[in-house]
Structure formats: C-alpha cells, structure tokens
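I opened my notebook to look up a few features one by one. The entries below follow the order in which I checked them.

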Amino acid sequence: MLALTELGQRLRQERESKGLSLEDLQKLTKIQKRYLLGIEEGNYEVMPGKFYVRAFIKQYCEAIGLDTDAIFEEYKSDIPSTQTEDMPQQLSRVRSRKEIPQHTKGVSKAYDYLPTVLVVAGVVVVGIIIWVIAQNIVSDKNKEQANQEAPNSEVQQSNTQEETNETTAENDNSKSEDEQSAADKKEQEKEKAEKEKAAKEKAEKEKAEKEKKDSGKQEYKEVQKTGRSATYALSGTDAFNLEVTSTQADTWLDVKNGKGNAFFSSILKKGETKEFDLTKETEARVNIGYSPGVELKVNGKAVDLPFDSSKQVRQVVTIQYQPAEAQ
C-alpha cells in the first residue's frame, strides 16, 4: 500500500470527520471509488489522465466542504500540473477493432443451418396434413350422431325451455334486488366522497388563511454576509419551520442549533426533502456542501440562498429566530 501524501492525509481526515465512506463520496461526486482512493494515497497514476487529477481533487474538496483555492495553494507541491494525453495510441486501438470484417461470419452460419431448417419444415407440413385428415373424420362422426339423436332432442328441448323460463324469472327478481343494493352502495359512496371533499377543502382553506396571516407578519431579513457565510433574522411569527430540498444532485447537509447540537448531518439525496421544527430554538446553522439546485423554505415560504450557487458552491446560512410573542 502506498504511503499517504500530506494532501491525502488531510482529505481523508476531513472525509472521516464528516462520517463519509468512499462509497458515499463516490455517490456525491460521481467519481469512481478507485480514483478517490488514488487521490488520498497520492497515486495519480490510476487516473484516466493527468489533466483529470486537479478536477477530481477540486470536486473532492467541494463535496466535503473545503476551500479549494486554499487547498491548491497549500499543497501545490503534491498536486501535478495539467498535461496533455498521447491520443494516437488510443485511436489505433479503435481502428484495429473495426478492421475485422463481420458480415462474412453470418452468411457462413446460415448455410450451416440450412439442412436442419429444411427437415423441420418437412416435418411440420406432414403434421398439418395428418391433423386436417383427423378433423374431417371426427366431423363426419359428429354429423351421424346428431342425426340419430334429433327426435329425442325435441322433447328434451321442450322440457329445457320450461326450466329456462322458471330460472329466468328467478334471475330477474334476484337481479332487481342486486341492482337496488348496488344503487344504494353507489349513493353511499357518493355521499362519503362529497363529505371527504368538503372536509379537505375546509382544511386547505384554513391552512391557506393561517399561512397568509403568518406571512403577513413574518419578516426574514439579512443581518450580515461574509465569505461563504450569511446571517438572517426571522421575526414576526410564532413558528420556525425549515424545509431543505435538493433538486439537482446529492449534497452534504448539516443542520445544527446555536449550541452546536446536530439535527441532521449526512447526505441529502437528489429529490429528497428534510423538514425541521425549530420553533423552540433561537438560532439554526445550515451548512450546504453543494448548493446548486438546493431550495430553502421558512414556514412554507421559499427564501433565496445568500450567494450565487454557480460562484459559491458551499454556503453556510445562520438564521436567528425571535418569536412574535417575545417581541
């Protein structure tokens, strides 16, 4: 096993402190595990090309919340400079695969199977002829039997008709009762659906009125902003509910209160939403490892991230909360 470089040791320690395995980091960065291990061990020879080294290290740092520029400056002796790859050898390998003609193989195999196909076709034709003859014999026997049973069938048909009439009358009565029962059941289901719809509409209306009332008083304003961190003040409301959603990619998410107690510290997967009731807290700190596509909502109302996600990937948002009743 290779000895770790100073950069590799620093990255591994930071990753492990976040509770991330190499498999977690692979899902987060979309970089293969063996390349991530190569970065930690300083084994850059496993990379698909030397110009990938700096790009992979940059993605590694951003995923675990390190300042990329500071890392590149501090460990520049451990990070190779970008070089171009020798492509002609790869191109020659592609051409060698295409030089082998493929169409002649299919033709020769078709000729090999031709005798077998002809034999099978002959057997199928003979089988069809035998089946047709057998069907004609069975049909003739059925006609003879029908002619012999015709006189008796008239008497049986008369008795059967009387029985059928009686059964039809009974079925009509039963059908009438079933139809009435089905109609009653359908009416009950309709009434139940209308009640549920009315209750749902009432609940939605009450919720909308409450949110409208709260949003009319709620105030969310910026206090200060520096580096990659920003502080906001939340007031004019008796609730502090936070929603965090990742819509584009997996991201590292860390949510703590003012005392440093963690509510969540793990990967937030793409399409996943986490909700936090922070009404009893006076401060919450939200650390986002990969901010593009991340949406924040405070008490159901969307709020903007403090920085442009294309320029500042990692962002830290601190929200100071003062309940309305305490003001």
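Two strands count as paired if DSSP finds at least two bridges between them. I note at the start that this model is predicted.

Entry on the sheet. With that rule I looked up Ala233, which stands opposite Gln320 in β10. I then checked how strand β2 (residues 229-235) is joined to strand β10 (residues 315-321): six bridges link them, and the two run parallel. In general, strands of a sheet pair through backbone hydrogen bonds, either parallel or antiparallel. Next I wrote down the whole open sheet, which has six strands in the order β1-β2-β10-β7-β4-β5 and mixed pairing. Its edge strands are β1 (219-226) and β5 (262-268), since each pairs on one side only. Ignoring direction, I found neighbouring strands of this sheet turned by 15° against each other on average.

Entry on aromatic rings. I found five aromatic pairs in the structure. One of them is Tyr52 with Phe56, a tilted pair at 5.6 Å centre to centre and 45° between the planes. These two residues are about one helical turn apart, because they lie four residues apart in helix α4 (residues 50-63).

I looked up a nonpolar patch of about 400 Å², made by Val124, Ile128, Trp131 and Val132. Ile128 is found in helix α7 (residues 103-217). Its relative accessible area is 49%, so I list Ile128 as partly exposed.

Conventions. Residues are numbered from 1 along each chain as its sequence is written. This is a predicted model: local features need pLDDT of at least 70, side-chain atom pairs count only at pLDDT 80 or more; totals for chains, interfaces and linings use all residues. Side-chain values use heavy atoms; hydrogens and water are left out. Axes are lines fitted to C-alpha atoms, for helices over the stretch in contact, and angles run from 0 to 180 degrees between N-to-C directions. Patches are made of residues with over 30% relative accessible area and no salt bridge: like charges are joined within 9 Å, nonpolar side chains (Val, Leu, Ile, Met, Phe, Trp, Tyr) within 5 Å. Accessible areas come from the Shrake-Rupley method with a 1.4 Å probe; for residues, only the protein chains shown count as cover. A salt bridge is a side-chain nitrogen of Lys or Arg within 4 Å of a carboxyl oxygen of Asp or Glu. Buried means under 20% relative accessible area, exposed over 50%, partly exposed in between (1.4 Å probe, protein chains only). Rings of Phe, Tyr and Trp (its six-membered ring) pair if their centres lie within 6.5 Å; planes under 30 degrees apart count as stacked, over 60 as edge-to-face and the rest as tilted.
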